[in-house]
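Thanks for coming. Please look at the sequence and the model first.

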Amino acid sequence: MTHGGDTIFGKIIRKEIPAQIVYETDRVLAFRDINPVAPVHVLVIPKKPIESVAAAVATDAEILGELLIAAAEVARQEGLEPGGYRVVTNIGADAGQTVFHLHLHVIGGRPLLWPPG
Ligand code: 5GP
């Protein structure tokens, strides 16, 4: 579990460790989850190191919007649009957050149960 300014995702942003990048802008990066829970499992992150949605402030509004737009773009790219998909972000220990750099999970390619466990 990584807290604070730098995380494993910081290393991915800086290209210090490899990742299967599927989408990139100057402010957003999307790459395949190393431990996918579905045929498509992509993480969409801001390049700015915000710990979670709970740590976001008013000046982060634009980047939070960009993340959602990027998630939808990734889903289209991955062919998830006709069937549907899930975008989820875990916040804190009870939700199972393990990397403390805000990320949206884009999950799809199989039927998804609701509510999650
Ligand atoms: P969380 O549980 O914090 O919402 O999700 C963190 C996600 O990051 C997990 O699904 C985990 O598999 C993924 N992950 C952790 N380390 C790495 C890594 O080094 N590379 C990639 N691509 N994914 C990672």
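H1 gives the largest share of the shell around the ligand, three residues. Helix H1 covers 8–13; helices here are DSSP runs of H or I with at least four residues, strands are runs of E with at least two, and both are numbered from the N terminus.

A word on the source: this is a predicted model, where local features need pLDDT of at least 70, side-chain atom pairs count only at pLDDT 80 or more, and totals for chains, interfaces and linings use all residues. Residues are numbered from 1 along each chain as its sequence is written, and side-chain values use heavy atoms, with hydrogens and water left out.

Which residues come nearest to the ligand? Of the 16 around it, they are Asp33, Gly96, Thr98, His103 and His105, where "around" takes a heavy atom within 4 Å. By type, the shell holds seven nonpolar residues, seven polar and two charged. Asp, Glu, Lys and Arg count as charged, Ala, Val, Leu, Ile, Met, Phe, Trp, Tyr, Cys and Pro as nonpolar, and the others, Gly among them, as polar.

Now the polar contacts, meaning pairs of N or O atoms within 3.5 Å. Gly96 places a backbone N or O atom 2.8 Å from a ligand oxygen. His103 has a polar side-chain atom 2.8 Å from an oxygen atom of the ligand.

Last, the strand residue. Ile21 lies in strand S1, residues 21–24. Why does Ile21 count as partly exposed? Because its relative accessibility is 34%, and that class lies between buried, under 20%, and exposed, over 50%, with a 1.4 Å probe and protein chains only.

Notes: Polar contact = N/O pair within 3.5 Å; in protein donor to acceptor, adjacent residues only side chain to side chain.
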